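Q: I would like to go through this structure with you, one region at a time. Could we begin once it is on the screen?

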Amino acid sequence: MSDPATPRPIPAPPDFPVTWERPEQERLFWTHDRMHWPDPLPIVYASLVPEDGVNRAAERYQAPIRFDAARINGYQYSSFHPPLVPPEELEAMGHRAQEKVGQAMARLGEIWETEWFPEIKQHLDYWRSYDLRGATMPQLLDHLDQTLKRHQRLWTIHFEVAFPMLMSVSLFDDFYRDTLGGEGAFDAYKLLQGFTTKTVESGEELWKLSRKALGIPSVRQVLETRAAQEVIPALEASAEGRAFLADLRAYLDVYGRRGDKFDMMGQPSWIEDPTPVIKNLKDFIGQPDRDLEAERAALVAEREQAIATAREKLKGYPRQVVEQFEFLLRAAQTGIVLSEDHGYWIDYCGQYEVRMVLLEFGRRFAAAGLLDRAEDVVHLTFEEIAETAASLPRIDRRGLVAERKAEIERFRQVQPPPALGTPPPGPPPDDALSRAMGKFFGAPPAPVTDRSLLKGAAGSPGKVRGTARVVRSLAEAARLLKGDVLVAETTAPPWTPLFATAAAVVTDTGGILSHCAVVAREYGIPAVVGVGAATAVIKDGQTVEVDGDAGLVRVL
């Protein structure tokens with residue numbers, strides 16, 4: 001007989017059949033990563049998921065964690081688990097990791113400036129200087145090989161940054177609670193707010209562009225009266241409009257290598273389709289009397305006051321405690337900036353360049369009649385792209401692409417199970433890294449027993465009432481009006497300008513260190529994250545009350 005205490009594999013739902021590539025995969029515990037990839041992904045992601053990057057970074061810090069990824073029916077599943085070593089070695093690894101990550105925390109800003117960021121820029125410069133259109137097919141195939149290697153290296157850097165970045169903020173939060181107390185969930189985070197990140201900077205620069213548009217009557221009229229898709233043709237009709245378009249394109253050249261979601265392969269970037277940016281400009285035009293710069297200055301002043309208050313409280317403490325506070329404060333302030341900046345450069349700018357390489361193959365395959373559209377190339381694996389290119393024009397991929405598109409659309413209508421595989425035998429580990437990751441991804445959502453009251457995690461303080469707008473992509477964001485409550489499965493960094501329009505935000509995924517929570521605090525709007533079923537329970541147009549301090553959403 002089997003031991004009843006031994007966890008058994010989770011049965012897959014009938015409409016979500018699972019075939020494991022390797023038998024040992026079923027013995028792992030898999031969760032659907034809705035925070036990054038809520039939708040089914042094109043198959044090219046099977047070669048791009050940062051599995052190797054996580055494990056290389058874990059090895060750098062000797063962290064007792066390993067990562068596996070699986071694309072199941074198009075959805076991205078992740079498994080974080082300890083390496084297969086004896087328990088005493090696992091414990092020793094935990095101690096070594098804490099020491100090594102602590103060393104990185106002490107030099108976090110320095111390592112970013114002197115090691116990580118210069119290498120990231122080197123890879124981006126390589127891609128941007130490469131003549132994709134002028135390359136021969138053999139040269140392009142060599143470039144594809146280089147692209148995959150560079151992409152993998154970028155994701156190793158991503159997690160080399162992420163481990164000390166997340167731990168620095170999490171440990172500061174723990175230290176503040178344990179040493180200085182505080183009644184609110186956000187007391188420690190007030191000392192970390194008001195710093196400029198690439199995410200906040202991109203929103204501020206777009207806001208400045210909107211202030212310029214307000215001063216040009218003809219441009220303002222176009223933005224106020226035309227649909228987002230009609231704005232560019234309307235602006236092209238006048239000299240003032242064309243001058244403003246030049247400014248908009250300059251903005252896109254700097255900040256436009258981003259897309260709707262974390263899926264940068266299957267979605268056009270803002271450079272390719274600036275409609276989401278124009279939608280945000282239209283929203284900003286509707287707030288002529290708002291002073292976003294004054295709001296940011298108030299955040300900085302509140303931060304400095306909170307730091308001064310904390311230092312005053314620590315005056316009677318031993319010197320070692322004060323030094324620990326200052327160490328963790330410096331590391332956490334750097335970490336909160338890098339939480340956005342590393343994603344801007346790697347998750348978006350890096351993947352944009354990979355998309356450009358893939359689209360060049362797609363253009364050539366479509367010209368040869370092997371694909372219907374250049375964008376269909378994302379439904380091929382890297383191996384299939386190389387094989388098709390090497391034998392051009394013999395292998396017609398249109399039938400295979402049609403099958404894969406149909407599979408994605410089929411499973412898009414299916415609710416993927418939150419977990420698959422075999423649950424771990426005991427409670428989750430309680431170490432510093434695991435706690436930090438828990439604050440990032442959030443705890444499992446509470447079950448919904450009362451559909452008028454939803455429980456999540458406190459993401460950003462405050463309480464407001466407003467009309468709920470359930471938004472699943474930036475293409476739907478035009479429905480979000482000033483004072484509405486943004487309800488979404490997840491919010492990626494390119495959604496940030498919406499935070500200047502929304503009165504509050506509610507997400508199905510994430511924790512207090514998630515992108516949504518960090519940015520909501522920067523914009524001073526309440527947020528409840530990790531609700532789980534918000535987009536399923538809340539109906540568009542309902543009135544809701546968002547209590548960011550308590551992590552509660554009431555449907556009124």
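Predicted model: local features only at pLDDT ≥ 70, side-chain atom pairs only at ≥ 80, totals over all residues.

Q: In what order do the four strands of the open sheet come?
A: The order is β2-β3-β1-β4, and the pairing is antiparallel.

Q: And which strands stand at the edges?
A: The edge strands are β2 (66-72) and β4 (419-421). Each has a single partner strand, so one side of each is left without a neighbour in the sheet. From one strand to the next, the twist averages 30 degrees.

Q: How many bridges join β2 to β3?
A: Seven bridges connect β2 with β3 (residues 75-81), and the two run antiparallel. Within this pairing, F67 has F80 in β3 as its bridge partner.

Q: Which helix packs on the sheet there?
A: Helix α1 (residues 51-61) does, touching β2 and β3. The direction of α1 makes about 175 degrees with that of β2.

Q: What about the hairpin of β2 and β3; how many residues lie between the strands?
A: There are two residues between them, and N73 takes a positive phi near 55 degrees in this hairpin.

Q: How is β1 joined to β3?
A: Two bridges link strand β1 (residues 29-32) to β3, again in an antiparallel arrangement. H32 is the residue opposite Y77 in β3.

Q: Is β3 enclosed or open, then, and why?
A: Six of its seven residues are buried, so β3 is largely enclosed by the rest of the structure.

Q: Changing topic: at what angle do α5 and α9 pack?
A: Helix α5 (residues 198-214) and helix α9 (residues 275-285) pack at about 60 degrees, and their axes are 9 Å apart. The two helices are therefore oblique to each other. The crossing of α5 past α9 is right-handed.

Q: Which residues meet there?
A: On the α5 side they include L206, W207 and L214, and on the α9 side they include V277, L281 and F284.

Q: One last item: where is D508?
A: D508 lies in the loop between β9 (504-507) and α15 (515-523).

Q: Buried or exposed?
A: D508 is buried, because its relative accessible area is 3%, and the cut-off for buried is under 20%.

Q: With which side chain does the D508 side chain make a polar contact?
A: The partner is the side chain of R34, at 2.7 Å. Leaving aside neighbours within four places in sequence, the contacts of D508 also include A488, E489 and T535.

How values were computed: Residues numbered from 1 in each chain as written. Heavy atoms only, no water. Pairing = 2+ DSSP bridges. Axes fitted to C-alpha atoms, helices over the stretch in contact; angles between N-to-C directions. Contact = heavy atoms within 4.5 Å. Buried < 20%, exposed > 50% of the residue type's maximum accessible area, 1.4 Å probe, protein only. Polar contact = N/O pair within 3.5 Å; in protein donor to acceptor, adjacent residues only side chain to side chain. Parallel < 35°, antiparallel > 145°, perpendicular 65-115°, else oblique. Left-handed = near helix turned anticlockwise from the far one by under 90°.
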